[in-house]
Amino acid sequence: MTTTEQSFLTRRRNGPRPSTTPTNPHTQLTQNAPVDLQERVFSLASSLDGVEVGPSHVSVPGARAFHLPESTQAAREAFMVAREFAHLHPSGDGSLHMVLPPEVVDQVIENGWAERHPLAGHHGLPANIVMVYGPRDDDELEVVADLVRASHSLATGSVV
């Protein structure tokens with residue numbers, strides 16, 4: 001992981017956490033990202049090496065998922081299901097679900113960028129699935145972009 005991708009380990013998210021639903025569908029209810037910032041997250045994630053955009057196999061209708069069909073990464077913790085490593089929820093929500101390297105999950109949550117998915121570690125799902133809150137401004141967008149890149153790196157096998 002490059003130094004810039006560690007912004008989520010060194011920076012704290014300002015203010016209180018947004019309200020979210022406690023169960024599925026796991027949704028961000030407050031402090032939602034502006035649509036233009038959501039589209040910038042989508043553009044970044046869809047441009048990463050090997051990514052194919054399609055429907056999510058686990059999210060609500062309208063979620064746009066990021067798949068790595070050619071990935072040879074065998075670790076179960078690298079994907080939510082099949083080869084889906086992350087998805088962006090519809091515009092009324094704007095948060096993302098993704099897998100993160102297990103060793104950073106607790107620090108990312110402590111720094112206020114994410115919360116553990118209510119089903120993480122249950123029903124055969126990996127324990128490192130988180131909801132990353134949608135970015136509210138350009139500074140938060142930088143951190144969310146670093147989180148997306150970290151998830152992609154895990155899914156491609158480039159994180160040791």
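What pattern does the protein chain follow when read along the sequence? The order is α-α-β-β-β-β-α-β-β-α. Helices (H or I, at least four residues) and strands (E, at least two) are DSSP runs, numbered from the N terminus. The model is predicted: local features need pLDDT of at least 70, side-chain atom pairs count only at pLDDT 80 or more, and totals for chains, interfaces and linings use all residues. Residues are numbered from 1 along each chain as its sequence is written, and side-chain values use heavy atoms, with hydrogens and water left out.

Along the principal axes, the C-alpha atoms fill a box of roughly 40 × 35 × 30 Å. Of the 160 residues, 50% count as buried. Buried means under 20% relative accessible area, exposed means over 50%, and partly exposed lies in between (1.4 Å probe, protein chains only). The accessible surface comes to about 7300 Å². Carbon and sulfur atoms hold 53% of that surface. Areas come from the Shrake-Rupley method with a 1.4 Å probe; for residues, only the protein chains shown count as cover. Among contacts with a separation of 6 or more, 59% join residues 24 or more positions apart. Contact means heavy atoms within 4.5 Å.

Nonpolar side chains tend to be buried together in soluble globular proteins. In this model the largest nonpolar core has 39 residues. Such a core is a set of buried Ala, Val, Leu, Ile, Met, Phe, Trp, Tyr and Cys residues joined through side-chain atoms within 4.5 Å. Phe85, Met98, Leu100 and Leu147 have the most contacts inside the core. Six elements each supply at least two of its residues: helix H2 (35–46), strand E3 (84–88), strand E4 (96–99), helix H3 (102–110), strand E6 (129–132) and helix H4 (138–156). H4 gives the most, with nine residues. Leucine 100 touches Val105, Val108, Asn128, Val130, Leu147, Ala150, Ser151 and Leu154, not counting residues up to four places away in sequence.

Two buried residues lie in loops. Serine 95 sits between E3 and E4. Its relative accessibility is 0%, so serine 95 counts as buried. Leaving aside neighbours within four places in sequence, serine 95 is in contact with Gln28, His87, Leu88, His89, Met131, Val132, Tyr133 and Gly134. Serine 95 and methionine 131 are 36 residues apart in sequence, yet 6.7 Å apart in space, C-alpha to C-alpha. Histidine 117 occupies the loop between strand E5 (114–116) and E6. At 12% relative accessibility, histidine 117 also counts as buried. Beyond its neighbours within four places in sequence, histidine 117 contacts Asn24, His26, His97, Ile129, Val130 and Met131.

Most residues other than glycine have a negative phi, and most peptide bonds are trans. A cis peptide bond joins asparagine 24 and proline 25, with omega about -5 degrees. Proline 25 is in the loop between helix H1 (7–10) and H2. Glutamine 31 is found in the loop between H1 and H2. Its phi is positive, near 55 degrees. Glutamine 31 is partly exposed, at 24% relative accessibility. Histidine 123 has a positive phi of about 55 degrees although it is not a glycine. Histidine 123 lies between E5 and E6 and, at 73% relative accessibility, counts as exposed.

Further loop residues are partly exposed. Arginine 11 is in the loop between H1 and H2 and has 29% relative accessibility. Leaving aside neighbours within four places in sequence, arginine 11 is in contact with Asn111, Trp113, Asp139, Glu142 and Val143. Arginine 11 and glycine 112 are 101 residues apart in sequence and 9.1 Å apart in space, C-alpha to C-alpha. Glycine 121 lies in the loop between E5 and E6 and has a relative accessible area of 44%. Not counting residues up to four places away in sequence, glycine 121 touches Pro126 and Ala127.
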